[in-house]
Amino acid sequence: MNRRTAVRLAAAGSACLFRPAFGQSPFLAGLGMPYEAFDALAKTRVTVDGGAINLAFAPGRLDLDGVRVLSWVERAAMSVSTYYDRFPVASVRILIVPVEGAGVRNGTTWGYGGAAIRMLLGQSAHPDDLDRDWMMTHEMVHLALPDMTRRHTWLAEGLAVYIEPIARVQAGYLDARTVWADMMRDMPRGLPVAGGGGLDNTFSWETIYWGGALFCLLADIGYRRATGNRRGLQDAMRGVLAAGGNHEVEWPIGRILDTADQAAGVVVMRPLYESMRSEPVMTYLPGLWRDLGIEATPEGLIFHDDAPLAPIRIAMTAKPSAG
Ligand SMILES: [Zn+2]
């Protein structure tokens, strides 16, 4: 999630289901990035695709060793760099905070004081948790989009939810079958419910994360249909980043969408937004999966490569050409 979402969730009293492993830590206090406390820590610096990563650990015990954690961070950085053709920011602070429990617990990304990610990691987290993790990649996708006002959080979260697994497939850390199976399972959560509104005025968790992800799926298909499958959402969002649109700046949503459309060479995202911003728009997902050539069976997912949109489905997770 990003900073504004964290603020919203905290205000709603439903922030994170964890208990800090130590009291009154400056690394967990407040809703912002603890820049000052971070800068006083010892850091490990690595570069990935032109971006410098400064990794630091808040005090506390971790079963995992630092080398494992660093390689997890590097894998996520490779995934987003593959998707965007470069690491999204020149430099990022990554703060690992040990907390009670297991697994990767919660991430937050900020840009206002320099790109920064705080990740809460369970003290008893296991290497397998890092191998399976999606959160680090999700947070790094946030680095590749300007900050926006709260009502457009759905676009930031939608892009992160949609791009994270595709980036991991393109980098070789996940298989496409898993991505489509997860989309079939979870995309229905993003459909409007009775009495609901559009993307800009529905503040449910489902709409922000999955309504946003569905918007991105529709945009990706829209770009590919309009360009004979030559360009997709990936080209559009690479264009936003190339125009300086990373998380350290704040842009109005219209500038993001217009820059994306310009980069793709076709106008898709802006009209899609205009149609979905204030009105609930129903998408008939079973028909969409059928057109993409995806069938869920008790034995698992079956791909039909003769379906009308199968070439688009295949292109969406294919490894992109560099530059
Ligand atoms: Zn997020």
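The answer below begins with the model and then turns to the contact between the domains.

A: This is a predicted model, in which local features need pLDDT of at least 70 and side-chain atom pairs count only at pLDDT 80 or more, while totals for chains, interfaces and linings use all residues. Residues are numbered from 1 along each chain as its sequence is written. The domain assignment, which is automatic or taken from a database, divides the protein chain into domain 1 (3-142) and domain 2 (173-317). The C-alpha centres of domain 1 and domain 2 are 26 Å apart, and the contact between them takes 12 residues from domain 1 and 7 residues from domain 2, two residues being in contact if their C-beta atoms, placed from the backbone, lie within 7 Å. On the side of domain 1 that touches domain 2, the largest share, 4 residues, comes from helix α3 (residues 66-84), where a helix is a DSSP run of H or I with at least four residues, numbered from the N terminus. That side of domain 1 consists of 5 nonpolar, 5 polar and 2 charged residues; here Ala, Val, Leu, Ile, Met, Phe, Trp, Tyr, Cys and Pro count as nonpolar, Asp, Glu, Lys and Arg as charged, and the others, Gly among them, as polar.

As for confidence, the protein chain has a mean pLDDT (the predictor's confidence in each residue, from 0 to 100) of 92, and 92% of its residues reach 70 or more. Over residues 2-22, however, pLDDT stays under 50, although the model has 37 contacts beyond four places in sequence for this stretch. Where pLDDT is low, the predicted coordinates should not be read in detail.

Notes. Helices (H or I, at least four residues) and strands (E, at least two) are DSSP runs, numbered from the N terminus.
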